[in-house]
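Subject: Structure handover

Hello,

Here is the structure I said I would pass on. My notes on what was found in it follow below.

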Amino acid sequence: MPADTIKRNIDKATGNLEGVNYEEIRYEGYGIGGAAIIVDTMTDNKVRTVAEVRHAFSKHGGNLGTEGSVSFQFKHCGQMIFAPGTSEDKVMEIALEAGADDVITDEDGAIEVLTSSGDFEAVKNALTQAGLVPEVAEVTLRPENTIELSGDDAAKMQKILDVLEDLDDVQEVYHNAAL
C-alpha cells in the first residue's frame, strides 16, 4: 500500500485532513422477534454507513426501519446501577432528595437509579459525595418494555447486535431484547 494512502487515512481518522465532516446519524430497525434496535453512528460517508447497517440487519434476520419506527419505545434518561449489597434505603433517600425520578431494586439485589437527562449530574454527584459509587453511570436510551428471547432466537439476536457493534462507524447500539 502506498505511503501517501496510509498518511491520508491516518489524517482522515485523526481529523487533520481538511474538508472532512463527521455526522451523527441514528438508524432504527427491528431484530429477531420484533425486538427494537437503535444504532447511533458517526460517519464521514453516509452512503457507506447506511449500506453497512442495512446489510447487518438484513443478513442476520432483522429489518432496517424508518426514522421514528422504534424510538418511541425508548426513554432518554440518566441511569446509575449499584452492586447488590448496597444499602437500598441510603441510595433511595439520597437519590430522591437530589431529584431522581425512580429507584428500582432488581431481583438480584442490584439497585438502579433513573433520572431525567438534565438531573443526571446532580444526582450522580450527590450519590458520589455520600460515598455511593455506581458501577454504571450514563445517560442512555432505556427501553420502556422488553421482549423476552430465548434459545435460538436469543442467539440470532445476539449475532445481529455483535455485527452492528463491530461496524467501524457505530458508536452505540440500544435494544429492548431480554436475552
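Two residues are said to be in contact here when they have heavy atoms within 4.5 Å of each other. Please keep in mind that the model is a predicted one.

I start with Asn176, which sits in the loop between strand 9 and strand 10. Leaving aside neighbours within four places in sequence, Asn176 is in contact with Ala35, Ala36, Gln73, Phe74, Pro143, Asn145, Thr146 and Ile147. Two of these contacts can be described in detail. The side chain of Asn176 reaches the backbone nitrogen of Ala36 at 2.7 Å, and a polar contact of 3.2 Å joins the side chain of Asn176 to that of Gln73. Is Asn176 buried or exposed? Buried means under 20% relative accessible area, and Asn176 has a relative accessibility of 0%, so it counts as buried.

Ala35, one of the residues that Asn176 touches, belongs to the loop between strand 1 and strand 2. Ala35 is also buried, at 0% relative accessible area. Not counting residues up to four places away in sequence, Ala35 touches Gly29, Tyr30, Ile147, Met157, Asn176 and Ala177.

Next, helix 5, residues 151–166. Its 16 residues should span 22 Å at 1.5 Å a residue, and the C-alpha atoms at its ends are 23 Å apart, which agrees. Which residues of helix 5 are buried? They are Ala154, Met157, Ile160, Leu161 and Leu164. Looking down the axis of helix 5, these buried residues fall within an arc of 120 degrees, so they line one face of the helix. The general rule behind such a pattern is that an α-helix has 3.6 residues a turn, so residues three or four places apart point the same way. On the face of helix 5 turned away from the buried side are the exposed residues Gly151, Asp152 and Asp166. The cover over the buried residues of helix 5 includes strand 2 (36–43), helix 2 (46–59), strand 9 (170–175) and strand 10 (177–178).

Thr49, Val53, Ala56 and Phe57 are buried in helix 2. Seen down the axis of helix 2, they fall within an arc of 95 degrees, so they line one face of the helix. These buried residues pack against strand 1, strand 2, strand 3 and helix 5, while the face turned away carries the exposed residues Val47 and Lys59. At the N-terminal end, Asn45 caps helix 2, with a side-chain oxygen 3.2 Å from the backbone nitrogen of Val47. After helix 2 comes Gly61, with a positive phi near 95 degrees.

Now the nonpolar cores. The largest has 19 residues, of which Ile37, Val39, Met157, Leu164 and Val173 touch the most other members. Strand 1 (23–30), strand 2, helix 2, helix 5 and strand 9 each give two or more residues to this core. Helix 5 gives the most, with 5 residues. Apart from this core lies another, of 13 residues, among them Val91, Ala100, Val103 and Leu127.

As for strands, there is an open sheet of 4 strands in the order 3-1-2-9, with antiparallel pairing. Its edge strands are strand 3 (63–64) and strand 9, each pairing on one side only. Strand 1 and strand 3 are joined by 2 bridges, and Tyr30 has Asn63 in strand 3 as its bridge partner.

Finally, strand 6, residues 111–115, has 5 of its 5 residues buried. Ile111, Val113 and Thr115 lie on one side, and Glu112 and Leu114 on the other. Strand 6 runs antiparallel to strand 4 (residues 74–82), with 5 bridges, and Met80 stands opposite Val113. Strand 6 also pairs with strand 5 (residues 102–105) in the antiparallel sense over 4 bridges. Strand 5 and strand 6 form a hairpin with 5 residues between them, and Gly109 in the turn has a positive phi of about 100 degrees.

Regards

Key. Residues are numbered from 1 along each chain as its sequence is written. This is a predicted model: local features need pLDDT of at least 70, side-chain atom pairs count only at pLDDT 80 or more; totals for chains, interfaces and linings use all residues. Side-chain values use heavy atoms; hydrogens and water are left out. The expected span of a helix is 1.5 Å times one less than its number of residues. Buried means under 20% relative accessible area, exposed over 50%, partly exposed in between (1.4 Å probe, protein chains only). The arc is that of the directions from the helix axis to the C-beta atoms. A nonpolar core is a set of buried Ala, Val, Leu, Ile, Met, Phe, Trp, Tyr and Cys residues joined through side-chain atoms within 4.5 Å. A polar contact is a pair of N or O atoms within 3.5 Å; within protein, one must be able to donate a hydrogen and the other to accept it, and residues adjacent in sequence count only if both atoms are side-chain atoms. Two strands pair if DSSP finds at least two bridges between them.
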